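Colleague: I would like to learn how to read a ligand site and a salt bridge. Can we work through a case together?

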Amino acid sequence: MVQTSFTLNNGQKIPAVGLGTWQSAPGEVEHAVEYAIKEAGYRHIDGAFCYANEGEVGQGVKASGVPRSEIFLTSKLWCTYHSKVEEGLRETLNELGTDYLDLFLIHWPVAMNPNGNDKRFPTKPDGSRDVDLSRKIEDTWKDMEKLVEKGLVKSIGISNFNIANTQRILDVATIKPVVNQFELHPWSNELKLKEFCEKNGILLQAYSPLGSTDSPILKDPEIIKLAEKYNTSVGTLLISFQVNRGVIVLPKSVTPARIASNIKLIDIAPEDVRLLESNEEKGKHWKCVSPNWGVPIF
Ligand SMILES: NC(=O)c1ccc[n+]([C@@H]2O[C@H](COP(=O)([O-])OP(=O)(O)OC[C@H]3O[C@@H](n4cnc5c(N)ncnc54)[C@H](OP(=O)(O)O)[C@@H]3O)[C@@H](O)[C@H]2O)c1
């Protein structure tokens, strides 16, 4: 039977499916979060400072009526806060209206100017992103560890960290990352990263598991055929695929019917998991999230 939760390397349990909240617009996201928790049974919400909607996410959590202690809440340290980690967390806690997080991730392995011309996306005079190369990810990680020691967050992790950057964290970590959140779907399976992380006790979390907004993956004939074989929707197939291969999955929706169906997982036979994992060997590779940081990331 497909699992409904995973155990992190510190013993903490995490529900296998979390509701994504990126691009969930103001006026929509509070209701999506409330519905997900109250009606659809979600106990895991994935947010971030950068999504500029954490206030509403927090209101949705409260409106659900489910105690905070029963909900696994994740947020992410934004790039302009690498050199002021606790301040970044406290802004998020304040927005969410909570006094702790279950999981806090470094959103990207790149720092941006904390005193630039914009709080989220500072730019240089030539229009490129105002990246702060003097701030090392190792130092940001050591500041993340302090948040666990202070009891402000239960677990810490990373996001968009390739093997080399993950190794840099492992080289200095007293507290190991529990997860690495990465773009994962059948057109971007990251098999080497998965093997590396699992060998080091780090679980992967799949972001954009459906291929994000206007996804071409939903129209892939092979994937449609496989969904038909299981008498299910492409959405359920893609979400279940991740959990069946040992990956926590974070589908986003603001549509009640989709929110409800996205948490219902099916078992997928190992040979079909392998089939979905083999797309890149066949030359099919695509990433929907690939911002131009001006420095190599992936
Ligand atoms: N760490 C990072 O850098 C990072 C980057 C990207 C995303 N994330 C996280 O991962 C979450 C998910 O990624 P994502 O938002 O990029 O994309 P996604 O979950 O792959 O796709 C969301 C899109 O699919 C639609 N959808 C939802 N359920 C569906 C279904 N069953 N069938 C067909 N379409 C469906 C949604 O529409 P409706 O909402 O209109 O239903 C929305 O347009 C984010 O919300 C965020 O929490 C993290």
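Modeller: We take the ligand site, then the salt bridges. Keep in mind that this is a predicted model.

Colleague: Which residues come nearest to the ligand?

Modeller: There are 28 residues around the ligand. Asp 46, Ser 208, Ser 212, Ser 253 and Thr 255 come nearest.

Colleague: How is the shell around the ligand divided by class?

Modeller: It has 14 polar, ten nonpolar and four charged residues.

Colleague: How much of the ligand does the protein bury?

Modeller: Taken alone, the ligand exposes 910 Å². The protein buries 90% of that.

Colleague: Now the salt bridges. How many does the structure hold?

Modeller: Side chains of opposite charge can pair when their charged atoms come close. This structure holds 17 salt bridges. One of them joins Lys 76 to Asp 46, with the closest N and O atoms 2.7 Å apart.

Colleague: Which strands does that pair link?

Modeller: Lys 76 lies in strand E5 (residues 72-77) and Asp 46 in strand E4 (residues 44-46). The two residues are 30 residues apart, so the pair links distant parts of the chain.

Methods
Residues numbered from 1 in each chain as written. Predicted model: local features only at pLDDT ≥ 70, side-chain atom pairs only at ≥ 80, totals over all residues. Heavy atoms only, no water. Near = heavy atom within 4 Å. Areas by Shrake-Rupley, 256 points an atom, 1.4 Å probe, with all protein chains shown as cover. Nonpolar A, V, L, I, M, F, W, Y, C, P; charged D, E, K, R; others polar. Salt bridge = Lys/Arg side-chain N within 4 Å of Asp/Glu carboxyl O. Helix = DSSP H or I, 4+ residues; strand = E, 2+ residues; numbered from the N terminus.
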